[in-house]
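Colleague: I am new to this model and would like a close look at one part of it, followed by its surroundings. Please take me through it step by step.

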Amino acid sequence: MARFQPGDLVRVGDAQMDAHHRTPAYIKGRVGRVHALSGQYPNPETLAYGADGEPERDLYLVEFDMRGLWGERATGPSGDRLLVDVYEHWLEPADAPGSDGGRA
Amino acid sequence: MSTHTHQGHDHGHDHDGHEHEGMLEDVELSERARRVLAMEELLAEKGVVDRTEVQRLIDFQEARSPVDGARVVARAWTDPDYKGRLLSDPEGALLELGYPLVGSAKLAVLENTDAVHHLVVCTLCSCYPTSLLGLPPDWYKSFAYRSRAVVDPRGVMREFGLDVGDTEVRVVDSTADLRYLVLPQRPAGTEGMTEEELVALVTRDSMIGVGVALAPVA
């Protein structure tokens with residue numbers, strides 16, 4: 001059973017790690033909203049080292065407001081979004097985007 | 001010896017009378033290539049894989065090109081039921097047209113509309129729907145595209161000649177197990193065109209999102 005549903009606010013974990021993982025640095029610690037559930041997949045963090053990737057992880061397409069994410073570097077109008085695939089174990093529930101636009 | 005890429009005529013060295021360059025390349029396989037060949041031989045010997053089947057999969061992959069994606073898009077434009085299946089069950093819909101996603105990552109389809117324009121990037125590496133579109137263009141794998149598409153997608157699209165105006169932009173960073181295919185909008189003025197004629201309007205770039213489908217030639 002997936003822990004999150006579309007519309008839920010989630011905060012991406014900010015763990016820094018050298019080992020293989022698929023969470024881009026630019027969303028670590030940021031708050032986004034679950035856009036869609038994308039199914040269950042082997043965990044790439046163990047799969048990459050020869051294990052079977054079990055247990056499988058729920059994968060989410062999480063959306064971030066571009067202006068919230070990049071601040072003044074964002075060049076588009078408000079409403080432009082960035083959607084990123086994130087595995088469930090990188091997500092925690094969040095109440096609201098931070099007042100500074102999503103930074104932890 | 002200077003660099004070469006084992007891809008036909010894309011050599012960096014000069015052709016100064018070596019009559020058997022192909023053979024030279026054969027004995028200069030990379031460490032990785034030799035490992036893969038050794039593994040394939042072992043797997044075949046032990047009956048884990050069937051060489052014919054492996055070759056069939058290689059042939060199928062090497063035959064893929066953006067035209068295959070264009071066929072899928074043109075069918076979706078002309079058959080609303082097919083479009084529905086393509087969005088809800090991409091794997092089944094592709095199989096209907098003879099494109100099995102065997103042994104490859106799942107595909108997801110992003111529909112562009114008047115309200116929303118999708119652009120696909122993979123910031124971590126170069127994830128791309130190769131099982132349908134063939135190999136990605138070089139720029140898709142470049143650091144410049146990967147780093148800029150997520151920050152300044154409108155600027156990147158303008159460099160490709162595309163200004164989407166008031167349409168909301170959704171950049172999709174393909175970081176995990178899904179490969180994304182953009183379903184571009186059907187151009188205006190194509191109402192009388194057949195599915196086969198429409199195929200020619202669907203560009204590779206329109207299925208990545210840095211472009212739109214071509215306008216029909218009047």
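Which backbone oxygen lies 3.3 Å from a polar atom of the side chain of B:Thr167?

Modeller: A caution before the details: this is a predicted model. The backbone oxygen in question belongs to B:Asp114, and the distance from it to a polar atom of the B:Thr167 side chain is 3.3 Å. B:Thr167 sits in the loop that runs between helix 10 (153–159) and strand 3 (168–173) of chain B. Its relative accessible area is 15%, and the cut-off for buried is under 20%, so B:Thr167 counts as buried.

The contacts of B:Thr167, leaving aside neighbours within four places in sequence, include a run in chain B: B:Thr113, B:Asp114, B:Ala115, B:Val116 and B:His117. B:Arg154 is also in contact with B:Thr167, and from chain A there is A:Asp80.

Strand 3 of chain B spans 168–173. Two residues with numbers in that range, B:Glu168 and B:Arg170, form a salt bridge, with their closest N and O atoms 2.8 Å apart. B:Glu168 and B:Arg170 are both buried. Salt bridges with shared partners join these two to A:Glu63 and A:Arg81 in one network. Over all chains, the structure holds 15 salt bridges.

Two other salt bridges of chain B can be set beside this one. In the first, the side chains of B:Asp68 and B:Arg64 meet at 2.9 Å, N to O. B:Asp68 has a relative accessible area of 3%, and is therefore buried. B:Arg64 is buried as well, at 15% relative accessibility. B:Asp68 belongs to helix 4 of chain B, where the buried residues also include B:Gly69, B:Ala70, B:Val72, B:Val73, B:Ala74, B:Ala76 and B:Trp77. Helix 4 covers residues 66–78, and its 13 residues should span 18 Å at 1.5 Å a residue; the end C-alpha atoms are 18 Å apart, so the two values agree.

In the second, B:Glu96 and B:Arg85 meet through their side chains at 2.6 Å, N to O. This pair links distant parts of the chain, with B:Glu96 in helix 6 and B:Arg85 in helix 5 (residues 80–88) of chain B, 11 residues apart. B:Glu96 is partly exposed, at 43% relative accessibility, and B:Arg85 is partly exposed at 34%.

B:Arg85 also touches B:Pro90, which is found in helix 6 (residues 90–96) of chain B. B:Pro90 has a relative accessible area of 12% and is therefore buried. Not counting residues up to four places away in sequence, B:Pro90 also touches B:Leu107, B:Ala108 and B:Val109. Between B:Pro90 and B:Lys106 there are 8.4 Å from C-alpha to C-alpha, with the two 16 residues apart in sequence.

At the start of helix 3, a side-chain oxygen of B:Asp50 comes to within 2.9 Å of the backbone nitrogen of B:Thr52.

On the surface, B:Met39, B:Leu43 and B:Val48 form a nonpolar patch with about 280 Å² of accessible area together. B:Leu43 is in helix 2 (residues 31–45) of chain B, and its relative accessible area of 34% makes it partly exposed.

A:Ala94 lies in the segment after strand 5 (91–93) and counts as buried at 14% relative accessibility. Leaving aside neighbours within four places in sequence, its contacts are A:Leu9, A:Val10, A:Arg11 and A:Val31. A:Val31 is 63 residues from A:Ala94 in sequence, yet their C-alpha atoms are 6.9 Å apart.

Finally, chain B as a whole. Its secondary structure comes to 12 helices and four strands. Of its 218 residues, 40% are buried. Among contacts in chain B with a separation of 6 or more, 62% are between residues 24 or more positions apart. The chain exposes about 12100 Å², and carbon and sulfur atoms supply 53% of that area.

Notes. Residues are numbered from 1 along each chain as its sequence is written. Chains are lettered from A and ligands numbered from 1 in the order in which they are written. This is a predicted model: local features need pLDDT of at least 70, side-chain atom pairs count only at pLDDT 80 or more; totals for chains, interfaces and linings use all residues. Side-chain values use heavy atoms; hydrogens and water are left out. A polar contact is a pair of N or O atoms within 3.5 Å; within protein, one must be able to donate a hydrogen and the other to accept it, and residues adjacent in sequence count only if both atoms are side-chain atoms. Helices (H or I, at least four residues) and strands (E, at least two) are DSSP runs, numbered from the N terminus. Patches are made of residues with over 30% relative accessible area and no salt bridge: like charges are joined within 9 Å, nonpolar side chains (Val, Leu, Ile, Met, Phe, Trp, Tyr) within 5 Å. Accessible areas come from the Shrake-Rupley method with a 1.4 Å probe; for residues, only the protein chains shown count as cover. A salt bridge is a side-chain nitrogen of Lys or Arg within 4 Å of a carboxyl oxygen of Asp or Glu. Buried means under 20% relative accessible area, exposed over 50%, partly exposed in between (1.4 Å probe, protein chains only). Contact means heavy atoms within 4.5 Å. The expected span of a helix is 1.5 Å times one less than its number of residues.
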